[in-house]
Structure formats: structure tokens, C-alpha cells
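Dear colleague,

Please find below the structure that I am handing over to you. My findings follow after it, and I would be grateful if you read them with the structure open.

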Amino acid sequence: MVKIEFDQSRNLFIIRYSDHVGPDETERALADVRLTLAKVDRSFRLLVDLLQLQSMDLLCAPHIENAMDLFDEKGVSQIIRIIPDPRRDIGLQIMSYFHYSGDVRIVTCESMDEAMNLLAK
């Protein structure tokens, strides 16, 4: 499952991946990303939560890359990823080099607490 949220008061875009994610889900999520991005202000932050992710199909990559491009175009300033196990990094780190400009700050955390501490700053 892919869940898209936006916390307007914090200008924080949130994507939560859980269970087993397939390309149909990431394609639908990409449509939700487009709609939700209309609400964000430039210099927004992005939280990517992989705490509950079990697996993701390789065919999801093009949709995730498209979303990354949209985030970059809209002016994302900081990306915080919650990846409890480095083996669960579904290629996000590598894709980031190609889809985000060099001034986007990207941080990977192991827990929600760690991410919340970063967001509090």
C-alpha cells in the first residue's frame, strides 16, 4: 500500500509505503502526488516512511522516479527517509542522484523518533 498525506501547517509531504507494493499502487500514488503537490509551497519537506514496507516490485521504479522529478520541480528542500534496515533501501539513494538537484538535503533515519527530531529543527 502507498499512502500520500500533506501536513499543510508544516508544509510537509508524507509518503508511507507498507506491505507489498506493486506498480499499480505506485502508479495510483503518482496521480495522488500530482494532485497533492498543488497544495504545497516551495521549500517543502518530504518524509518517506518505509517502516512497514515488506517488498516492492522493480516495476515501481519508473513511477517513483517520476515522483522524484515532480518533487524536485516543485522545490523540495529536504527529504527525510525512514528506512529501519539498509537492505530495505529500494534504490532510493541511487535514484536520488539522478532525480534531485544538488541542493536538496537528504537524510536517512532508522526510526520515526529520529525523523521527528529532524523535522522539529
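In this predicted model, the side chain of S96 comes to 2.7 Å from the backbone oxygen of L92. S96 belongs to helix α3, which covers residues 92-99. With a relative accessibility of 5%, S96 is classed as buried, because buried means under 20% relative accessible area. If neighbours within four places in sequence are set aside, S96 is in contact with M68, R81 and I106.

F13 is buried, at a relative accessible area of 0%, and F44 is buried with a value of 0%.

F13 also pairs with F71, here in an edge-to-face arrangement with 5.0 Å from centre to centre and 70° between the planes. Because F13 lies in strand β2 and F71 in helix α2 (residues 61-74), this pair ties together parts that are 58 residues apart in sequence. Both F13 and F71 are buried.

Taken together, ring pairs link F13, F44 and F71 into a cluster.

With kind regards

Notes: Residues numbered from 1 in each chain as written. Predicted model: local features only at pLDDT ≥ 70, side-chain atom pairs only at ≥ 80, totals over all residues. Heavy atoms only, no water. Buried < 20%, exposed > 50% of the residue type's maximum accessible area, 1.4 Å probe, protein only. Phe/Tyr/Trp six-rings, centres within 6.5 Å; stacked < 30°, edge-to-face > 60°. Helix = DSSP H or I, 4+ residues; strand = E, 2+ residues; numbered from the N terminus. Polar contact = N/O pair within 3.5 Å; in protein donor to acceptor, adjacent residues only side chain to side chain. Contact = heavy atoms within 4.5 Å.
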